Amino acid sequence: MDPAKEKEVDSASVTSQPRAGIEFYDPSKESRWTRLGLTLESFKRAPGTTGGQVVTGSQNVADLEKVLADTPMLQQKMKPRHLTMIAVGGSIGTGLFVGSGGALRQGGPAGVLIAWILIGVMLINVTQALGEMSILYPVSGGFYTLAVRFLDPSYAFAMGWNYVFQWAVVLPLEITVAGTTVQYWGTDILPLAVWITIFWAVITIVSVFGTLGFAEEEFWSSCLKLLVVVIFIFIGIVCICGGGPSGHAYDHYIGGSKWQDPGAFANGFKGVCSVFVVAAFAFAGTELVGLAASETPNPRDTMPAAVKGTFWRITVIYISSLTIIGLLIGYDEPRLQGGAAAVDGAAASPFVIALSDAGIRGLDHFVNATICISVLSIGLSCVYAGSRTLTALAETGYAPSIFAYVDKSSRPLWSLVAILIWAPLAYVNVKTAGDTVFRWLLALSGLSTLFTWLSICLCHIRFRRAWHVQGHSVDELPFKALGGVYGSWFGVTLIVLVLIAQFYIAIWPIGGMPDSPRETAESFFATYLAVPVMILFYVIGYAWKRTLPQRAHEIDLDSGRKSWLTAEEMNEWRAERRRAPWYVRIYRILFTN
């Protein structure tokens, strides 16, 4: 299609002649230091939206300025490389580097692969659905705001607050893990409390730089994490084939011997069920691309690559590295997380254990440093995801209005403060009782990630229904989810099965039920407390606002919409792309739109 016909419009085309009643804010008129968030002026409230999101098909819009004004207060500072790396490497952290060791001990190598593949397939459908909606509606709060519109405001209230609490609690946990990771090099260097203070300060300083601080940190830390995992995969293949240094564990061919002795499954069916939630935790944060879509100028260009990057992360990073781990280490290895000889922090990482056993000097320290950086990266993701969702809750009337404050540097200022003040909870881990405190705090929102993914799939199903009922064609969509509505139903089915598996493990845990009824109750609620908490929040939300789900023909399909191309224009665009050389078409299928 002729680019001139498409008329992609940014805020600059309308701010020169502002209409009465609509005020666009132009950050370029501020100093560079203000835009970076380093002056007192930068902390003042932004006077209005920048209208910085591209509108495609603007010739089909009656009031273009109104559409541009219907843009999040957050500025569109993220570049395509930021969004891509957030999708590909952003959520790689302790779930893969450390948690996978505990999963291996509980489920065995086959159980780990089954759980990660099923969760991965489900997540591909979730991100495809999220991509379809986020490109069309790059709204503040992403999937939370979409849940308010397409599902039910009361359910969105419960899901949104649960999501905020999840990241608020994970932040001090990640700071603690970063402290114990550094202690791999010696516990007498500095006390744990000092390390906690240092890492809290680092996260706070990066947060001062707002979106760009988070995006740049995610880009470079993701590059490092991907590099380390790829290096580990190649070294792992060499070690499995017997190419390790002589005199160490992998100086002879081992092949699949660990699948024979001690075996492929550690605890049978229960072991596989117990691994599902560990796998879900390892993938937590993948949905952040839906939040970040509102902070990129043209999601239609950047989101497809980010969404498809999820597939490559799951296959190349997770499945490949976990296959290597299962071949190098038996599930009876006592140093694994939860094992008899396990210690806190990165020393329980199967990556560190494998490289240490291989006798490759220095690499275990390199991996440990990467784990430390990735933990801090997840800590920053906590601040980003929690603050953006809290801001969206305020904008929809489900949180105090002060949290809707966005300053001139595009920081949701009071929302950032509200998440960062949870960090001092990390100090409770200095005492033995800290483990108990964190266990129950995590239990409050432990299944939040699954509820969020379930919401995204249900939103997509309802969106497609409303789109059809209101006379629209799927050909109008700038990006179509790979599996369509069937992929979302498949995602819903898998998530429900995972919740059932978790319920099964909560009642009948590995090793049998405790003798004490009190211990049995504690074990169950530590695993499943998030469900009654969600129900309670839903009841509160309904009692507060008295809202019910809208029928498909009543759902608002225009607010926040940024693609207005007709089915004919989109089909013309697709036909033009089909005329590209075959290698270009293959590249687009695999990596872009």
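In this predicted model, the charged end of R149 lies over the ring of Y137, at 5.0 Å from the ring centre. A charged end is likewise placed over a ring at F219, where R81 sits 4.6 Å from the centre.

**Aromatic pairs**

- Across the whole structure, a search finds 30 aromatic pairs.
- F219 and W220 form an edge-to-face pair, because their planes stand at 85°, which exceeds the cut-off of 60 degrees; their ring centres are 4.9 Å apart.
- F219 counts as buried because its relative accessibility is 13%, under the 20% limit.
- W220 counts as exposed, since its relative accessibility is 55%, over the 50% limit.

**Aromatic cluster**

- A cluster linked by ring pairs consists of F157, W161, F165, Y398, W422, F537 and W544.

**Residue L441**

- L441 belongs to helix 19, which covers residues 434-444.
- With a relative accessibility of 18%, L441 is classed as buried, because buried means under 20%.
- Leaving aside residues up to four places away in sequence, L441 touches V169 and L425.
- Between L441 and L393 there is a separation of 48 residues in sequence and, from C-alpha to C-alpha, 21 Å in space.

Note on methods:
Residues numbered from 1 in each chain as written. Predicted model: local features only at pLDDT ≥ 70, side-chain atom pairs only at ≥ 80, totals over all residues. Heavy atoms only, no water. Helix = DSSP H or I, 4+ residues; strand = E, 2+ residues; numbered from the N terminus. Buried < 20%, exposed > 50% of the residue type's maximum accessible area, 1.4 Å probe, protein only. Contact = heavy atoms within 4.5 Å. Phe/Tyr/Trp six-rings, centres within 6.5 Å; stacked < 30°, edge-to-face > 60°. Lys NZ or Arg CZ within 6 Å of the ring centre and 35° of its normal.
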